[in-house]
Amino acid sequence: MKVSAMRSEDNKKITETGPGTPGGNWMRLYWQPVALTEELDTDRPVVPLKVLGEELVLFRNEDESLGLIDRRCAHRGADLSLGRLEDGGLRCYFHGWLYGGGGQCLDTPAEPVSSKLASKVRIKSYPVVEKNGIVWGYLGPGTPPELPALDCFAAPEEYTFAFKGYLDCNWLQALEVGIDPSHASYLHRFEEDDDPEDSYGKQFRNTSLGTELPMTKILREYGRPQILNARTEYGQRLVALRKLDQDGLDGSSTHVRITHQVFPHGITIPLSSTMAITQWHVPIDDSSTYWYSMFTALDEPVDKAVMRAQRLEGITLPDYKPIHNRANQYHFNPEEQKTETYTGLGKDINVHDQMAVEGQGYIYDRSNEQLSSSDRAIVTYRRMLLAAIDTVAEGNSPDTLLTDSAEVESRGPIPLDGIGPTGEWEDFWAQAISDLRKASPWASELRAALSTGPAGVPGSVLEPDPSLLTDAYDLTADGR
Ligand code: FES
Ligand SMILES: [Fe+2]
């Protein structure tokens, strides 16, 4: 018997983000990554883009100011992304109407000299900020909030690196794979361990902090992590514990992996012991998504050239679409699947995740799934998401909207991948955080997340309620 089916109307509510939808109204309260700064590093910095179902154009004026405006000209709808970048704005190629970054029409040159038409015309425009390699747009009502008080925004630009990639499916599938700690033991399994020396910029390829054990070996040999999760002010903290008791190990040490869900659609995970990845999953429309990652190093400036070259190998420009994709079955290799990797898709874990989430369909139908105990953080996220959408629909502000960075307790949030004494992961984490931050040239004075209470969150409770935890979750039992 299936016990965990989600109601179809709820699935619709949490996947659709176009203008006027309940999910779209909720998501628009947050800044959205809309382009990489590098996309504007051209002789003609004009980028057409689509975000949350809206077709827009981003441009940079000669004075460096940015504009994010409707892609369609107000006159008769020509495509402004092919317009002329001049005179402090974007000029339509059809009849020469000129638009500034605020969407105001500045000139209608085909009209009589005495015409006042320009002053009455305005097209849609949105506030924009640029931070650490990503351009952010605010598509919501009223005054935008501050960018949240996360490490990736606090870090100096040279300690960060930003990149993006395309996923051919709904945004929520892309996010959910990021809060699913057990999949790493299967989807990302390698039968052979690589040389950790060659691990810079790659995930799951180094040794875990405080050990010589390669991550690939830990993931391969310990496929049933204990997962703890708890709500935080920014979303959720996840702790995956793997007690090391095989191959002559006595179980006195435990592998601890701490990751986070950051509202609205982000995660923060460790890349290495000193580098975090914060990744957002931004709807292009309801059936396609861009992920944007900001890599943030605590210890030293990031080698952006190496990081970029590694990632350019897997995509095509200008749209950052993966070379391995649905159309070519991801270059699936059945022989490799038998002997080397779980997927048969090579060693780029982004491709594994991509196949997993695109394989669920363009918009995954959650009314027909069987959740299990390893999905606890996903269950919690969906509950939080539904509640947030309903809160916004009632005209209120969701709890997880961090509007004032000064009020945030849990800067970071700080991920960790390390091995500590069994039963003492909280102390191990607190000490590791303290050591890493003290040694950081830029983070040593910034208050870090605390690490007491269930899943390291003060005052929180384990999620979902343990009384609901049998071996499957019933999303309908308590209404959600
Ligand atoms: S359609 Fe743009 S100026 Fe006429
Ligand atoms: Fe993954």
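Of the 480 residues in this protein chain, 45% count as buried. Keep in mind that this is a predicted model. The chain has 11 helices and 20 strands.

Let's go to the core. The largest nonpolar core holds 104 residues. Those with the most contacts inside it are V34, V57, L58, A174, F295 and W429. Which helix gives the largest share? That is α10, residues 376-393, with 10 residues. As general background, nonpolar side chains tend to be buried together in soluble globular proteins.

Now one residue from that list, F295. Leave out its neighbours within four places in sequence. F295 is then in contact with T160, F161, L271, M275, I277, V302 and M307.

Strand β17 covers residues 288-297. Its partner is β16, and the two pair antiparallel over 10 bridges. A276 stands opposite T296 of β17. The two strands make a hairpin, with two residues between them.

β16 also pairs with β15, residues 266-270. That pairing is antiparallel too, over five bridges. Here T268 stands opposite T278 of β16. This is again a hairpin, joined through four residues. So is β16 buried or exposed? The strand spans residues 275-285, and nine of its 11 residues are buried, so the rest of the structure largely encloses it.

Three strands form an open, antiparallel sheet in the order β2-β3-β4. The edges are β2, 46-51, and β4, 66-70, and each pairs on one side only. From one strand to the next, the twist averages 25°. Strand β3, residues 54-60, is joined to β4 by five bridges. Across that pairing, F59 stands opposite G67.

On to helix α1, residues 8-15. Its buried residues include N11, I14 and T15. Why do these sit on the same side of α1? They cover an arc of only 95° around the axis, and that puts them on one side. The general rule is that an α-helix has 3.6 residues a turn, so residues three or four places apart point the same way. What covers the buried residues of α1? The cover includes α2 (22-27), α5 (171-176) and α10.

Last, some backbone details to look at. Two cis peptide bonds come up. One runs from F263 to P264, with omega near 5°. P264 is in the loop between β14 and β15. The other joins L317 and P318, with omega about 10°. P318 lies in the loop between β18 and β19.

Then two non-glycine residues with positive phi. E64 has a phi of about 80°. E64 is in the loop between β3 and β4. N132 has a phi of about 45°. N132 is in the loop between β9 and β10. Which of them is buried, and which is exposed? E64 is exposed, with 8 other C-beta atoms within 10 Å. N132 is buried, with 20 other C-beta atoms within 10 Å.

Notes. Residues numbered from 1 in each chain as written. Chains lettered and ligands numbered in written order. Predicted model: local features only at pLDDT ≥ 70, side-chain atom pairs only at ≥ 80, totals over all residues. Core = buried A, V, L, I, M, F, W, Y, C linked by C-beta atoms within 7 Å. Buried ≥ 20, exposed ≤ 12 C-beta atoms within 10 Å, placed from the backbone. Contact = placed C-beta atoms within 7 Å. Pairing = 2+ DSSP bridges. Axes fitted to C-alpha atoms, helices over the stretch in contact; angles between N-to-C directions. Arc of directions from axis to C-beta.
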